[in-house]
Amino acid sequence: MIKSYIWSIPTRVFHWLFALLILAAFLTDEDSLLYYHALIGYGLLFVVIFRILWGFIGPKFSRFKDFPLSKNEVKDFLAEIFNKKQKHVGHNPLASFVMISMFVVCVITIFTGVITFGADEGKGIVSFLNNSSLKDMKLLKEVHELFANLFIALIVAHLAGVVFDRVFHTQYKTLNSIFDGYKMTDANMSISLNIFQKISFLLFVIVLVSFIVFSFMYPNNILVS
Ligand code: HEM
């Protein structure tokens with residue numbers, strides 16, 4: 001088998017930033033840490049928006065159109081789930097569904113979080129909701145928590161999939177691929193980034209760093225005050 005470069009640096013940077021920020025969001029889920037929880041939520045939004053854009057402009061395997069999501073692909077995959085032979089070089093169909101669900105659930109969780117922050121705390125970009133009928137509406141917070149819990153379920157499913165793959169398809173080195181970008185494939189399937197993709201990633205890094213600097217310089221900015 002051949003070592004092919006499947007996950008470029010932007011995809012891997014996204015992965016670990018996403019995992020880190022999600023962890024930080026759960027660790028700051030306390031009244032006394034709400035300020036940081038909100039900031040992390042905005043950071044997550046940047047990161048997820050980048051990944052969604054990357055799903056359209058990124059390289060092969062990271063693009064959504066390369067995610068095997070059709071009914072037949074799912075059926076075939078399930079029928080041959082224990083088969084040692086690899087059909088999918090990028091994400092397999094179940095992984096693709098989990099990943100898309102993560103992006104959707106994450107965006108909904110952030111959106112409901114911003115509204116709850118405004119309505120309950122009178123803070124953030126929709127602080128005016130604190131003077132509306134949404135104030136003290138428990139439902140908002142409950143919906144936010146429901147989606148956060150749903151996200152935990154998706155992480156568990158994801159990690160179970162990673163372990164399954166490690167046990168039954170060890171030879172393809174999927175687990176290593178999220179660290180070094182390489183999987184083992186039958187033929188050379190390596191990707192490379194074009195100049196437009198490199199510039200897009202650079203812009204994302206600049207915006208993210210600017211956001212972090214901005215948050216330190218203006219701790220009482222409109223997003224959280
Ligand atoms: C120790 C923890 C983790 C490990 C070892 C891990 C491992 C992996 C691996 C191996 C892949 C590539 C799967 C494939 O080739 O189909 C992947 C993709 C992915 N993982 Fe994780 N993961 C971890 C934690 C997380 C967490 C906590 C999240 C969510 C917050 C997450 C979200 C994702 C997403 C969204 C992708 C798709 C990446 C993309 O296409 O951009 N992972 N992960």
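1. Start with helix α5, residues 138-168: its 31 residues reach 45 Å from first C-alpha to last, close to the 45 Å expected at 1.5 Å a residue. That expected span is 1.5 Å times one less than the number of residues in the helix. Helices here are DSSP runs of H or I with at least four residues, strands are E runs of at least two, and both are numbered from the N terminus.

2. Before going on, a word on what you're looking at: this is a predicted model, where local features need pLDDT of at least 70 and side-chain atom pairs count only at pLDDT 80 or more, while totals for chains, interfaces and linings use all residues. Residues are numbered from 1 along each chain as its sequence is written, and side-chain values use heavy atoms, with hydrogens and water left out.

3. Now, which residues of α5 are buried? They are Leu140, His144, Phe147, Ala148, Phe151, Leu154 and Asp165. Buried means under 20% relative accessible area, exposed means over 50%, and partly exposed is in between (1.4 Å probe, protein chains only). An α-helix has 3.6 residues a turn, so residues three or four places apart point the same way. The buried residues of α5 pack against α1 (9-27), α2 (34-57), α4 and α6.

4. Stepping back to the whole chain, you'll find seven helices and two strands, in the order β-α-α-α-α-α-α-β-α along the sequence. The C-alpha atoms fill a box of roughly 60 × 40 × 25 Å, taken along the principal axes. Of the 225 residues, 42% count as buried. Take the contacts (heavy atoms within 4.5 Å): among those with a separation of 6 or more, 72% come from residues 24 or more positions apart. The accessible surface is about 12,800 Å², and 71% of that belongs to carbon and sulfur atoms; such areas come from the Shrake-Rupley method with a 1.4 Å probe, and for residues only the protein chains shown count as cover.

5. Have a look at α4 next. This helix covers residues 93-121, and its 29 residues reach 41 Å from first C-alpha to last, close to the 42 Å expected at 1.5 Å a residue. Asn92 caps its N-terminal end, with a side-chain oxygen 3.0 Å from the backbone nitrogen of Leu94. Just after α4, Gly122 takes a positive phi of about 70°.

6. Is Phe14 buried or exposed? Phe14 counts as buried because its relative accessibility is 5%. Leaving aside neighbours within four places in sequence, Phe14 is in contact with Val47, Phe50, Arg51 and Phe103. Val107 sits 93 residues from Phe14 along the chain, and their C-alpha atoms are separated by 15 Å.

7. Ser177 belongs to helix α6, residues 174-180. With a relative accessible area of 1%, Ser177 is buried. Its side chain joins that of Trp7 in a polar contact of 3.2 Å. A polar contact is a pair of N or O atoms within 3.5 Å; within protein, one must be able to donate a hydrogen and the other to accept it, and residues adjacent in sequence count only if both atoms are side-chain atoms. Not counting residues up to four places away in sequence, Ser177 touches Trp7, Arg12, Tyr182 and Lys183.

8. On to the charges. Side chains of opposite charge can pair when their charged atoms come close. A salt bridge here is a side-chain nitrogen of Lys or Arg within 4 Å of a carboxyl oxygen of Asp or Glu, and the count by this rule comes to four. One of them pairs Lys87 with Glu80 at 2.9 Å, N to O. Salt bridges that share partners join Lys60, Arg63 and Asp66 into one network: Asp66 meets Lys60 at 3.8 Å, N to O, and Arg63 at 3.4 Å between the closest N and O atoms. Lys87 is exposed at 56% relative accessible area, whereas Glu80 is partly exposed at 35%. Asp66 is partly exposed at 24%, Lys60 at 39% and Arg63 at 21%.

9. Finally, the surface. Ile195, Phe196, Ile199, Leu202, Leu203 and Ile206 make a nonpolar patch of about 620 Å². Patches are made of residues with over 30% relative accessible area and no salt bridge, joining like charges within 9 Å and nonpolar side chains (Val, Leu, Ile, Met, Phe, Trp, Tyr) within 5 Å. Ile199 is found in helix α7, residues 195-217, and counts as partly exposed at 44% relative accessibility.
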